[in-house]
Amino acid sequence: QDESLCEGAMVLRGFALASEAALLQALDVIVAQAPFRHLVTPGGFRMSVAMTNAGPLGWVSDRRGYRYDPIDPDSGKPWPSMPAAFLRLAAEAAAYAGFAGFVPDACLINRYEAGTRLSLHQDRDEHDLGQPIVSVSLGIPAVFLFGGLQRSDRAQRVPLAHGDVVVWGGPARLRYHGVLPLKPNHHDVLGDCRINLTFRRAS
Ligand code: MD3
Ligand code: FE
């Protein structure tokens, strides 16, 4: 059931299913306050993934660079608060994978539609790289690319389905990763998209 991808990376199949209803309700509240939008990279490209955030800090990208910001640039207001159901799931998954005491201050919410992809990158905008990242997949399936510490390292392909949770920490924290272009598909609850919640300790 649980798979270790490498030291520090663990896939918890279906771990989010027990809290599915609470997660989706909380997501509706967030998206009503901070709708999904397509950010622009520092190089000027519109990202195919649509994003929003919850929690004290939100990840944003624009022509000036990438950063964590307490304010939603579209509304000028703080990001929606981190739902209790989000915090609990992230902490439980992290503890299960061996990272006790994980208290995320940022939840980046990514929405993928057919054809959307996320190219290979590292997550290194966080202050303490000793803290893990917890990701929750919802909706239509995707193939996750899990590479090495160098962009040119060969990547493993990891299929991720509705309810799967992955915890990335320790030596896996700085591995390159991405998502292959999504195939058209349909999910009974989420429709034709995939939503990924990425929990981080940013500050
Ligand atoms: C592996 N999102 O938002 S989450 C991202 O499915 C991001 O939306 C992907 O990568 C998505 O930055 C993947 C899984 C993930 C997140 C961080 C990692 C995998 C990771 C950091 C190190 C290694
Ligand atoms: Fe990432």
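**Conventions**

This is a predicted model, in which local features need pLDDT of at least 70 and side-chain atom pairs count only at pLDDT 80 or more, while totals for chains, interfaces and linings use all residues. Residues are numbered from 1 along each chain as its sequence is written, and chains are lettered from A and ligands numbered from 1 in the order in which they are written.

**The whole chain**

The protein chain has 2 helices and 13 strands; helices (H or I, at least four residues) and strands (E, at least two) are DSSP runs, numbered from the N terminus. The C-alpha atoms occupy a box of roughly 40 × 40 × 35 Å along the principal axes. A compact globule of 203 residues would have a radius of gyration near 17 Å, so the 16 Å of the protein chain agrees with that expectation. This radius is taken over C-alpha atoms, and the globule rule is 2.2 Å times the number of residues to the power 0.38.

Colouring by burial shows that 37% of the 203 residues count as buried. A residue is buried if 20 or more other C-beta atoms, placed from the backbone, lie within 10 Å of its own, exposed if 12 or fewer, and partly exposed in between. Of the contacts with a separation of 6 or more, 74% join residues 24 or more positions apart; two residues are in contact if their C-beta atoms, placed from the backbone, lie within 7 Å.

**The annotated region**

Next, select residues 103–203, which an unreviewed UniProt entry annotates as "domain: Fe2OG dioxygenase". UniProt positions are given in the numbering used here, feature names are shortened, and annotations may be inferred rather than shown by experiment. This stretch is 0% helix and 42% strand, and its end C-alpha atoms are 11 Å apart.

**Around ligand 1**

Which residues come nearest to ligand 1? Of the 15 residues around it, these are Asn110, Ser135, Trp168, His177 and Asn196. Strands 6 (106–112), 8 (133–139), 11 (165–168), 12 (177–179) and 13 (194–200) each give two or more residues to this shell. A residue belongs to the shell if its C-beta atom, placed from the backbone, lies within 6 Å of the ligand.

**Strand 9 and its partners**

Select strand 9 (142–146). Its covered face holds Ala142, Phe144 and Phe146, and its uncovered face holds Val143 and Leu145. Strand 9 runs antiparallel to strand 10, with 5 bridges, and Phe146 stands opposite Gln156. Strand 9 also pairs with strand 12 in the antiparallel sense, over 3 bridges, where Leu145 has Gly178 as its bridge partner. Strands pair if DSSP finds at least two bridges between them.

**Two loop residues**

Move to Gln150, in the loop between strand 9 and strand 10 (156–160). Is Gln150 buried or exposed? Gln150 is exposed, because 9 other C-beta atoms lie within 10 Å.

Finally, select Gln122, in the loop between strand 7 (118–121) and strand 8. Gln122 is partly exposed, because it has 14 C-beta neighbours inside 10 Å. Leaving aside neighbours within four places in sequence, Gln122 is in contact with Leu174 and Tyr176. The C-alpha atoms of Gln122 and Tyr176 are 4.8 Å apart, although 54 residues separate the two in sequence.
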